[in-house]
Amino acid sequence: QGSLEVSLSQPTRSSSGSERSLLVAEEMRSLIMEKGPGPVEDDPDALVKGWLQREMRGCMKTPWIRPRKYWFVLTPDSLDYYSSNEKGARRLGSLVLTSLCSVLWPDKQLYKETGYWSVTVFGRKHCYRLYTEHLNEAVHWVCAVQKVIDSKAPVQTPTQLLMRDVEVSLRHCPRLQLLAARGWVFRASCAPGSYTTLRDEAVKLFNSLQQLESERDPVPLMQGVLQTCLDLPPLVDEIYCQLVKQTTEPPAPGGQGDLHYWQLLTCMSCTFLPSPPVLRFLHFHLDKTESRFPASEMAKYACFIREALGKTKGRECVPSLEEILMLMQRQDMICTVHCPGAPACSVAISSHTTAEEVAQELVSRLGLSQSPNLFALYEQSRRREQPVGSATLLADVLTSLAGEQREQDPPCRLCFKHYGFLDTDNVPRDSLEFALLFEQVSATLEWGGYAAVAVPCRL
């Protein structure tokens, strides 16, 4: 029999020795080579060999297809699979293993549903989902693959070098210097341990991007990636580089998986600006896409992204689920603004629209351009009312209000009101502005804000 370089550690059982030996023999059958012609003598570097079943890619309506059996060979550099275990069998595929790869342990829920234990190996661009009927066999493969991954030196790719530069740049950030020196980065509003090291988080984001391609509802996953980038700014360039790679020479240009990557790239462009070198590379990628696929959905996203990058200055909040849905369709959001004494107004806004721009539009729409008084938008709830800064992005305000909707009754809302009372004596009594002033004074008195309405009360 051929020897295995990766040992199999059996769990302790309360059964008898003969029963335990029988179980071990049964579960090791596909891992031990039989004598005779085969790839054992031809591949001395093989660590583990055996029959496994691989899930073949299906469609969205059939997320799990009964897998097909192949002969798998794990070497110190790759995981290969063949049509059979016969000598000279054709190799059907190979997944190169590097330090950026990862492997998932068997899932008990999937075993209950299908009768198979799964082993999922994530590579740089591909993912192998393998299945076996025996738990110990699945654990053995996981441990063997993980051992190969752990033995690999850090990959010297442009992205890996970028991550090294990012870690060095953290030393110049006083806020994160101490935490980065310990290899940890914490979410500001959460307990320590919300995030691990930057390298580990980069690998997790890569795995998320792999899942994005086949997600039926990609919006929550996209928002999770954006939130991680907001909490860990050094990873912004990493995600931009990964998305450029995923949208370069895709297997199915313009397919659903490809468009999911473009949609996430659209959300990124409306939320974060990459560093100048990555920004130049990104513009080159957008130009190339538009020239190769004119009038395609990819070209339309590329054009939208280029325009967004010219306006993006940074966000305080990640886009809400509603905003992500609108960005995926390259459409504006509809914002409802309430006016005291007047019907609510619906205003179309983008991810870059400021509160001042909306206030100016309402001033023009309501015929208040000639008024000497000043107007502004207010965040209003049962507990508080405060003006929105003129340079504040309204998309961030809507995201914050959406988070408070669950806790407030009545719900939070945006209001258009007077902000500076420069001349209240000459406001015509039959004008819309007079009605706005009257309603605002009445509402303020109900709040008990007598000092705040001392001037308007002369009306």
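Gln53 stands opposite Tyr131 in S7. That pairing belongs to strand S1 (residues 48-54), which runs antiparallel to S7 and is joined to it by 2 bridges. Two strands count as paired if DSSP finds at least two bridges between them. Strands themselves are DSSP runs (E, at least two residues), numbered from the N terminus.

This is a predicted model: local features need pLDDT of at least 70, side-chain atom pairs count only at pLDDT 80 or more, and totals for chains, interfaces and linings use all residues. Residues are numbered from 1 along each chain as its sequence is written, and side-chain values use heavy atoms, with hydrogens and water left out.

S7 has another partner. Strand S6 (residues 117-122) is antiparallel to S7, with 6 bridges between them. Here Phe122 stands opposite Cys127 in S7. A hairpin of 4 residues links S6 to S7.

How many residues of strand S7 are buried? Strand S7 (residues 127-132) is mostly covered, with 5 of its 6 residues buried. Buried means under 20% relative accessible area, exposed over 50%, and partly exposed in between (1.4 Å probe, protein chains only).

Now turn to strand S8 (residues 333-339), where Ile334 is found. Is Ile334 buried or exposed? Ile334 has a relative accessible area of 53%, so it is exposed. Leaving aside residues up to four places away in sequence, Ile334 touches Glu322, Ser346, Val347 and Ala348. Contact means heavy atoms within 4.5 Å. Take Ser346: Ile334 and Ser346 are 12 residues apart in sequence, and 6.3 Å separates them in space, C-alpha to C-alpha.
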